[in-house]
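Reader: I am new to reading protein models. Could you take me through this one step by step?

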Amino acid sequence: MSQMLNLSTGPHARDKWTTAYIMRVVVIALLPTAIIGFIVNGWYSVLMTAIAIITAVLTELVFDKICKKPDTWKDWSAVVTGLLLALSLPATVPWYIPFLGSLFAILVVKCFFGGLGKNFINPALAGRCFLLISFVSTVTTFKVDGVSTATPLVDLAAGKTVNVTQMFLGTAGGVLGSSIIALMAGGLILWAMDIIHGEICFSVIVGFLLIIGLFGGQGFDPKFLMAHISGGGVVMGAFFMATDYTTSPVSRLGQLVYGCFIGVLGGLFRTFGSSADSFSYAIIIGNLFTPLIDTFIVPTPYAYRKKMIALQRGEKKKKLKDQIPIPVVVIAIVTLIAGIALSGVFTMTKDAIEEQQLAKKAASYKEVMPEAETFEVNAAGKEAIDALNGEVYGSSFGRSRINSAITGLDSAGNAVGYVIEVTSNDAYDGTLTISVGIASDGTIKGIAFTELHETPGKGSLCDEPAFKDQYKDRNVTAFKVLKDGGSTLPEEIDSVSGATVSSRAVTNAVNAGLDFYRTKIQGGGN
Amino acid sequence: MAKETFRGGIHPNEHKEYSRGVALKVYETKGDVILPLSQNIGRPAKPVVKRNDPVLVGQVIGEADGFVSANIIASVSGKVKAVEKRRTLNGSLQECIVIENDGAFTPLKDYSVREDISWITNEEILARIKNAGIVGLGGAGFPTHVKLAPKDPLAVKYVIVNGAECEPYLTCDDQLMRAMGDEIVEGLKLILKLFPNAEGVIAIEKNKPEAIASMERAAEGNTKIRVQPLKTKYPQGGEKSLIRVIAGIDTPRAMLPADVGCIVINVGTVYACQRAIVYNEPLYRRAMTVTGDAVKEPGNFIVRTGTLFSEVLEAAGGVKEGVEARKALAGGPMMGISMPSLDVPIIKLNNGLTLLSVDPVEKADAAMTACLHCGRCTTVCPIGLMPQMMADAFIAQDLDRYEKKLYGLECVECGSCTYICPAKRPLMQTFKQAKAEIAAVKAAKAAAGGAK
């Protein structure tokens, strides 16, 4: 033995899994999602992803060199961060968006806090939220085949039906990594390999579904739940973001608490909040609770558990029914009953709710159709709306959708006019909805907003008489917006100053309602 | 039907292929033997021979000093060369008796003749075990005559014979069970005489089908003895793991196996007890495996205690040509102790020599990263501890949280957490240090309290 023998404290064997190995498996699990995203979105998305990953790795490398730290960039964790960030962005963002996102994620959130294992929130999510705040319109504008579209989630929030099949495959628009089926496949592989823990990913999804089912307004309708699960990064969040080792609790029980917390919070944000990206924030808030959970939830070693102490004392093993913790059973039963009751109540009261909503809306109908005493759903209109199946109406009204068509009746029961409710997705801040009152001859009797979130002092001025009364008592084929004012013809509408986008959206919606009335009710009715 | 395994645990590469098929071979020592006076838990033996005294094989040369102590037996005949401090396997100097080997192996009495033991009493069984200097041969080295004399022998429900051999590389217990099935069952039956209410359970991992078959055949017809196959998983052969599997009880650190009605005894120890009771032969040799990728002809040997590791390595063909040994382990890679040199004696506790050309620790240290908080260590801990949190608490020097909230003293040092850690953190090593520090703090407090 010419060489010195190595000395060390045992054990003298090590598993072949290393940090870099786990990170590489995560990258591989994300590849199907990325590839589908690339195919749907084209070459630019590949470039964008590369920018995100290379920036992430280079940032860590440079930081290591400057701070004379060991080469931590080799552990592949920066690759995971870069890839996750790219997958959570729209495929068409300018090159500096993934660059800045990765830079922030790695430098500020990871390196400044001490590197791998020390960051307190998920770097990729933090990067994404940083971009959301800094470049809100860039990061939330989605294009499919070069055309701006709403994400399915925006439609879902507006009460539309969405194409769940497309969302599953990843062709419905949204972020680069939006193929639910690929994300789920990757996530389940990681779960099967015990790299991510079911205590987190499944409890996130269950908690989320519970809230959506209870408060989403449509009960536990599977199609509705699937649509919610498929949108807004819930699957990516549950499998790839919330499960991040560093920012999730270590104990399995802690993970369960943490997962349920994120799921419930995400569900509440989705149901009662206004941001479509609320799930990212739910996970980050969950991250913030991790140190607390880890401090207080520490499992007792097997030998010190109550049941085991009884066995050590020689007491007989209890029967199965005594072993099931009663609180768990009670909570499960209560949840089950509440869920069934709520969905049952929903089904039973569905018609009543619709009537009530109709009555509520009658006020706005009255505003645009003062001659009418009562209102009823227009049969021809309803048929036409059902035939549209939630699609955008026509080709020349932007993204306007017809919600409902109502006939206004006078005290004698004769039709005096019609109210068409139209939603436009082209508003400056998402959607706006208007009711358009139309006399039988096609004259506009007035418009009223039932939904308007535009910028105060700008787009919000659309709701002022100065703007909306321009449509009143005019009988034209279609209105058009004059950006700089000076209208003379009846079809010309002066834009609200500084709010051309909003003005155009309103006008398109009015035109859509008018066209719908002429072709589907007047034409169809006669 | 008992369960086949415990919670947690790991399945390292077994590497038993090197030596699993090689039958036990008796190796007769050529050189001198060095017998440390401390080969057990408890107090070292007192030497009862001096320089130039002639000794015979089987002669007591060190006497048990107190209750928890064990006799030291001459393993060769010849004369005492010295009673002095010599280098032992962990590199420390310890008091040893060195015997100049005359090569004749003249025994004190003829150990090949069965004695009539039909009359034997429980006291005599324990006395013979004590005189034979038998300690736990699995590696713990607890004096067996103490282990077999619990406060209430009637409360013992299981005598668990540990043939799990969950340690990677090692195969000597496997070969012993294949060759000595009848002898082991006879030894177990004699031990069961001490515990009238107990059942004998021979627990063997399923990766040793030949040993299971051999023991089942030997145990056939015995209503009080059964063979329990176990899932192949480390640390299946740990005392707490076996009690968990056979009796269904997890025991805390403060509890002895006997407190929950169990006696756990290594299969080699049972064989030694059979030799001691039936042949009145003391413990001067044991089975061990010489293995590893750096060994030319790995195999299983019956060797005399006090033989140098280097001599047994030569018996196994020496170091393989073209290979350089990087690490030598007394035992296997999980529980074994790394040795600076092979010119140290084999003691009662050494079940193997593993010689490796690649040091996995060296490789792992190069791949070390910060802790990811992945929780793999918590998944494998057989005790249900939170190694990652314990390491954090120790690094933060929060010894109170380490001990009270995290039950850090319960660690059995199986090393599963260190093995599994993808960040290659030295977890178990940290816990050894933490336990030592807590013990030191407590000792200092006790001393201060005593001085007042």
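Reader: What is the mean pLDDT of chain A?
Author: This is a predicted model, and pLDDT is the predictor's confidence in each residue. In chain A, 87% of the residues reach 70 or more. The mean pLDDT of chain A is 84.

Reader: Over which residues of chain A is the pLDDT below 50?
Author: Where pLDDT is low, the predicted coordinates should not be read in detail. One such stretch of chain A has 4 contacts in the model beyond near neighbours in sequence. With pLDDT below 50, it covers residues 144–148.

Reader: How many helices and strands does chain A have, and how many does chain B have?
Author: Chain A comes to 20 helices and 9 strands. For chain B, the count is 14 helices and 17 strands.

Reader: What share of the residues is buried in chain A, and what share in chain B?
Author: A residue counts as buried if 20 or more other C-beta atoms lie within 10 Å of its own. In chain A, which has 526 residues, buried residues make up 47%. In chain B, with 452 residues, they make up 55%.

Reader: Where two residues in contact are at least 6 apart in sequence, what share of the contacts joins residues at least 24 apart?
Author: Take chain A and count contacts between residues at least 6 apart: 68% of them join residues at least 24 apart. Do this for chain B, and the share is 72%.

Reader: How many residues of each chain are in contact with the other?
Author: On chain A, helix 1 (19–41) and helix 15 (306–312) each supply at least two residues of the side that touches chain B. By class, that side of chain A has 19 nonpolar, 14 polar and 5 charged residues. The contact joins 38 residues of chain A to 58 residues of chain B.

Reader: Is A:Leu209 buried or exposed?
Author: A:Leu209 lies in helix 10 (residues 198–215) of chain A. Its C-alpha atom is 7.7 Å from that of A:Gly263, 54 residues apart along the chain. A:Leu209 has 20 C-beta neighbours inside 10 Å, so it counts as buried.

Reader: Which residues does A:Leu209 touch, not counting those up to four places away in sequence?
Author: Look at helix 11 (residues 222–230) of chain A. Its buried residues include A:Ala227, A:His228 and A:Ser230. A:Leu225 and A:Ile229 of helix 11 are buried too. The residues that A:Leu209 touches are A:Leu225 and A:Ile229.

Reader: Which residue just after helix 11 of chain A takes a positive phi?
Author: Move on from the end of helix 11 of chain A. The phi there is about 70°. The residue is A:Gly232.

Reader: What is the radius of gyration of chain B?
Author: The C-alpha atoms of chain B fill a box of roughly 60 × 60 × 50 Å along the principal axes. For 452 residues, a compact globule would have a radius of gyration near 22 Å. Chain B agrees with that, at 22 Å.

Reader: What distance separates the centres of the two domains of chain B?
Author: Chain B is divided into domain 1 (1–28 + 111–358) and domain 2 (365–451). Their contact takes 14 residues from domain 1 and 13 residues from domain 2. On the domain 1 side, these are 7 nonpolar, 4 polar and 3 charged. Taken over C-alpha atoms, the centres of domain 1 and domain 2 are separated by 29 Å.

Reader: Which strands stand at the edges of the open sheet of 6 strands in chain B?
Author: The order in this sheet is 1-14-13-17-15-16, with mixed pairing.

Reader: How many residues of strand 17 of chain B are buried?
Author: In a regular strand the side chains alternate between the two faces of the sheet. On one side of strand 17, B:Gly352, B:Thr354 and B:Leu356 are buried. On the other, B:Leu353 and B:Leu355 are buried. The count for strand 17 is 5 of its 5 residues.

How values were computed:
Residues are numbered from 1 along each chain as its sequence is written. Chains are lettered from A and ligands numbered from 1 in the order in which they are written. This is a predicted model: local features need pLDDT of at least 70, side-chain atom pairs count only at pLDDT 80 or more; totals for chains, interfaces and linings use all residues. Two residues are in contact if their C-beta atoms, placed from the backbone, lie within 7 Å. Helices (H or I, at least four residues) and strands (E, at least two) are DSSP runs, numbered from the N terminus. Ala, Val, Leu, Ile, Met, Phe, Trp, Tyr, Cys and Pro count as nonpolar, Asp, Glu, Lys and Arg as charged, and the others, Gly among them, as polar. pLDDT is the predictor's confidence in each residue, from 0 to 100. Domain bounds come from an automatic or database domain assignment. The radius of gyration is taken over C-alpha atoms; the globule rule is 2.2 Å times the number of residues to the power 0.38. A residue is buried if 20 or more other C-beta atoms lie within 10 Å of its own, exposed if 12 or fewer, and partly exposed in between; C-beta atoms are placed from the backbone. Two strands pair if DSSP finds at least two bridges between them.
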